[in-house]
Amino acid sequence: MFSLIGAIIVGFIIGGIAKLLMPGKQPGGFIVTVLLGIAGSALATWLGELLHFYRDGEKAGILFSIVGAVIILFIYKKIMEHKGNTSY
């Protein structure tokens, strides 16, 4: 139970920082921010293992997680712009 709450808190912090770093208006509210942070951390862990920054089972650090979240946010914004939905 505490690991789920911890993931939500860390996801919110990472997602919030990613939204602050990305210029312009950002889509989504609290849930999107949490999911963005968790997905960014997962992407950073996967990329870190692929590039041999981390060993198997080792988690990404905060900075690399924020980079992962910024990458996902950038892709999400481009998809929303392509669909013509700029009123997020």
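Is F53 buried or exposed? At 55% relative accessibility, F53 counts as exposed, where buried means under 20% relative accessible area, exposed over 50% and partly exposed in between (1.4 Å probe, protein chains only). The model is predicted: local features need pLDDT of at least 70, side-chain atom pairs count only at pLDDT 80 or more, and totals for chains, interfaces and linings use all residues. Residues are numbered from 1 along each chain as its sequence is written, and side-chain values use heavy atoms, with hydrogens and water left out.

Helices are DSSP runs (H or I, at least four residues) numbered from the N terminus. Helix α2 comprises residues 30-50 and reaches 30 Å from its first C-alpha to its last, close to the 30 Å expected (1.5 Å times one less than its number of residues). Buried positions in α2 are T33, V34, L36, G37, G40, A44, T45 and G48. Seen down the axis of α2, these residues fall within an arc of 165°, so they line one face of the helix; the arc is that of the directions from the helix axis to the C-beta atoms. The face turned away from the buried side carries the exposed residues I31, L35, W46 and L50. H52, with a positive phi near 65°, follows α2.

Rings of Phe, Tyr and Trp (its six-membered ring) pair if their centres lie within 6.5 Å; planes under 30 degrees apart count as stacked, over 60 as edge-to-face and the rest as tilted. By this rule there are 3 aromatic pairs. The rings of F53 and F64 have centres 6.0 Å apart and planes at 75°, so this pair is edge-to-face. F53 lies in the loop between α2 and α3, and F64 in helix α3. Y54 and F64 form a tilted pair, 6.2 Å centre to centre with 45° between the planes.

Technical notes. Helices (H or I, at least four residues) and strands (E, at least two) are DSSP runs, numbered from the N terminus.
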